[in-house]
Number of protein chains: 2
Amino acid sequence: MNLYAVIMAGGIGSRFWPESRRARPKQFLRVLGEDTLIQKTVNRLESLIPPDRCFVVTHADYVDQTREQLPNIPKDNILAEPVGRNTAPCILYAAIKLYSQDPEAVMVVLPADHLVQQVDRFHDTLRVAAEKAVEEDTLVTIGITPTHPATGYGYIQFDGTSDHEGNGALKPHRVRTFAEKPDIETAERFLDSGDFLWNSGMFIWRADSIRHAIEKHMPDTAAAFTELESAAGTDDEEAAVHSAYASCPSLSIDYGVMERADNVFVVPGSFGWSDVGDWRAVYDLSPKDEHGNALSGNVIVHDSSRCLVESDKRLIALVGIHDAVVVETEDAILICHRDSAQQVKNIVEYLSAHQLNEYV
Amino acid sequence: MNLYAVIMAGGIGSRFWPESRRARPKQFLRVLGEDTLIQKTVNRLESLIPPDRCFVVTHADYVDQTREQLPNIPKDNILAEPVGRNTAPCILYAAIKLYSQDPEAVMVVLPADHLVQQVDRFHDTLRVAAEKAVEEDTLVTIGITPTHPATGYGYIQFDGTSDHEGNGALKPHRVRTFAEKPDIETAERFLDSGDFLWNSGMFIWRADSIRHAIEKHMPDTAAAFTELESAAGTDDEEAAVHSAYASCPSLSIDYGVMERADNVFVVPGSFGWSDVGDWRAVYDLSPKDEHGNALSGNVIVHDSSRCLVESDKRLIALVGIHDAVVVETEDAILICHRDSAQQVKNIVEYLSAHQLNEYV
């Protein structure tokens, strides 16, 4: 099977401020461990998809960082978007590029900034998905078997409940519907039902399948990319890309295709997945001491517990502090309640609104 | 009346870490407002005792800082202790020095790092105390009319209760006893009794009165300073001071004299006094916004309240944080619960114990 990875790395996530900045977004951060999230994303594919079959789509501003962090990926595999237009144009650009090189290409589309703890099970899941995806005009996504009634994710409902276990056996299930992020009562109902999975944003399909689907469900987007179909791989590629992104609308593949197509399948995945959505998630995923503290760098704690503290250079001392996140960088310090981690983006919004661009 | 101020500025208070360091203790800090605490101490005496009648006793290491911060005080009025020996030697050194210049000298002994909000009432209190103190061999102290059952101060009980108001009229009262820092129940009893005041560590007496008292109650200390009596003001003064401090014991004037003498009087004071004992006290004394936050420097808060935040250079962002103290300096950051401010000294102890001297 002609399997390729397409890693979407255009995000400018603001929930990891002050470490993440416009010039250095989340996927390029060492959030957990020595490797950055995008390095982990490539590394965990290794035995399934070698680096020369990995493609990265990112903003033009991040191309240099991407090359630096991923020296094993051929330079031509890093696709530069002149402007972010959500996931649909990103995926179509990669699909056209891949199809021009290999009409049999099967794309595994992955966000650059997620975490997977059980790599073998992840590979098993992708293999099952890819076997389904070789079928013509079939779109496959990975749904994460929910572990709790999360309100921060969209959900995918599939046809027919579990054969052997809750939330579906490891095989493709036809998708019944995509659901928006629910309130807590709805999330609990989803969890109890056994036929809802978390929407992970991972997709597997043939390059030509997704091209056909976009032609059908997103004709404006498809039209904007027509020129690129012949220009891909030639000297005219860059100009065609600029022209496509200048005229195409900004839309997600979920909204543009997945929620409208009828040949969509989901494979349930259970491989220690996290989208590492905020500092709270980093706390949850970090190893902790006997007081529940996850400390890195030059940190002293006294009578403090359940804190995530990341010191870059300076000494940080905590006294009588519980359930806090403290992140120190060269020019800024965040002190946040663990349960308020989602609100860190408000700080970035404030900084932007007040033209404090040096901190954004 | 020949009134002089003797400002005790030898402390190395560790409760204001990370701002206070061994090389820059509390009295030299801008803890509240533009002036440092020692500058405020000298300034508030102004109309009562001019700078040329102010003496400062401090550790030799702090003489340069003292001169820098108090340029109006004659250089010879800054007395250098070769080593800290608590308050009794400090006061005797100043008493001998003053007596050698003016045998009628009346000393107003004040800590360098306290705060007074109502200066006029402070002066009135000192005047009443000084009028009593001109009497031979009479020792006078200022007792603060308590506003709450504090457990962090020693107490002074006086003879006879109030004439007009709770905790004594503005006149000298004979001291019955000095009490150690009480537990909360005892403190409540003290407060209810009407005849207990907080021990403020401010004293008023003639230079010869305190010399006599030390001779009587602290003969070892008096003996150590015999040589200085003739050397004060001569080229031999420094050698005599070194010799005195090398042999005298380390004792407080409270323990050495006040608790033993029988001619001790207290004048009740009510002038917005604080010993600014820790960051909590700074919070209490600071102006606050509508969320109870006292912010200075480059600080952004979101959904946070009742915090004291002092940014020196870096941006500090708070999200969902309540009742915290955050103090940022060049090389260290303290994050402390407001109610744990007393425990900041544990951090300094830890740093000392682990030879992290760059931070102490």
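Trainee: Let's start with A:His302. Which strand is A:His302 in?

Mentor: A:His302 lies in strand β13 of chain A, residues 299-302. Strands here are DSSP runs of E, at least two residues long, and helices are runs of H or I, at least four, all numbered from the N terminus. Bear in mind that this is a predicted model, where local features need pLDDT of at least 70 and side-chain atom pairs count only at 80 or more, while totals for chains, interfaces and linings use all residues. Residues are numbered from 1 along each chain as its sequence is written, with chains lettered from A and ligands numbered from 1 in the order written.

Trainee: What makes up the contact between the chains?

Mentor: Chain B gives 28 residues and chain A gives 28 residues. On the chain B side, β13 (299-302), β15 (315-319), β16 (324-328), β17 (332-337) and α12 (344-353) each supply at least two residues. The largest share, six residues, comes from β17(B). That side divides into 17 nonpolar, six polar and five charged residues (nonpolar: Ala, Val, Leu, Ile, Met, Phe, Trp, Tyr, Cys and Pro; charged: Asp, Glu, Lys and Arg; polar: the others, Gly among them).

Trainee: How do I read a pair of packed helices?

Mentor: You describe them by the angle between their axes and the distance between the axes. Take α3 (87-101) and α6 (207-217) of chain A: their axes come within 9 Å and cross at roughly 135°. Residues of α3(A) including A:Ile91, A:Leu92 and A:Ala95 meet residues of α6(A), among them A:Ile210 and A:Ile214. By class, this contact has ten nonpolar, no polar and two charged residues.

Trainee: And which residues of α4(A) are buried?

Mentor: A:Phe122, A:Thr125, A:Leu126, A:Val128, A:Ala129, A:Ala130 and A:Ala133. They pack against β1, β4, β5, β6, β9 and β10 of chain A.

Methods:
Buried ≥ 20, exposed ≤ 12 C-beta atoms within 10 Å, placed from the backbone. Contact = placed C-beta atoms within 7 Å. Axes fitted to C-alpha atoms, helices over the stretch in contact; angles between N-to-C directions.
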